[in-house]
Amino acid sequence: SVREVPFGPMRLHQDQLQVLLVFAKEDSQCNGFCWACEKAGFRCNITRTPESALESFLDKHHEIIIIDQRHSRYFDAEALCRSIRATKPAENTVIIAVARREREVLLSERGSPFLEN
């Protein structure tokens, strides 16, 4: 939707910023990003697969895309990023990857029972 922004005596019309969240499963990170988008007044779409993410992006031309890269067993986040970047609408799109902290990666590689994989 278009919102009206006061600028002195004028009223400017500004499109709502669109954010695409690509998370294979719903978790606190996904919910946190969704909540932040709603709080900021952004339009937010959530997809679970690379195919649905690319389809949604090509349909809506999101300005920001946040891809969950923490669980590579679900999908290849870098391949999805390359697919999106190869399209014309992606020229001005910001793509952000959510990654695990290095300490978590090292502990999970050692088989730490304290971290979920």
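Two strands count as paired if DSSP finds at least two bridges between them. Helices (H or I, at least four residues) and strands (E, at least two) are DSSP runs, numbered from the N terminus. With that in hand, look at strand β5, residues 64-68. β5 pairs with β6 in the parallel sense, over five bridges. In this pairing, I64 stands opposite V94 of β6.

A word on the source. This is a predicted model, in which local features need pLDDT of at least 70, side-chain atom pairs count only at pLDDT 80 or more, and totals for chains, interfaces and linings use all residues. Residues are numbered from 1 along each chain as its sequence is written, and side-chain values use heavy atoms, with hydrogens and water left out.

Now step back to the whole chain. The protein has four helices and six strands. From the N terminus on, they run β-β-β-α-β-α-β-α-β-α.

The β5-β6 pair belongs to an open sheet of four strands. The order is β4-β3-β5-β6, and the pairing is parallel. β4 (43-47) and β6 (94-98) are the edge strands, each pairing on one side only. On average, neighbouring strands of this sheet are turned by 20° against each other, direction ignored. Axes here are lines fitted to C-alpha atoms, for helices over the stretch in contact; angles run from 0 to 180 degrees between N-to-C directions.

Helix α3, residues 77-85, packs on the sheet. It touches β3 (18-22), β5 and β6, where contact means heavy atoms within 4.5 Å. The direction of α3 makes about 160° with that of β5.

What lies inside? In soluble globular proteins, nonpolar side chains tend to be buried together. A nonpolar core is a set of buried Ala, Val, Leu, Ile, Met, Phe, Trp, Tyr and Cys residues joined through side-chain atoms within 4.5 Å. Buried means under 20% relative accessible area, exposed over 50%, partly exposed in between (1.4 Å probe, protein chains only). The largest such core here has eleven residues: L20, V22, A53, F57, I65, I67, F75, A77, L80, I84 and A90. β3, α2 (50-60), β5 and α3 each give two or more residues to this core. α3 gives the most, with three. Apart from this core lies another, of eight residues, including L21, F23, C30 and V98.

A77 is worth a look. Leaving aside residues up to four places away in sequence, A77 touches I67, D68 and Q69.

Finally, the chain as a whole. Of its 117 residues, 27% count as buried. Among contacts with a separation of 6 or more, 62% come from residues 24 or more positions apart.
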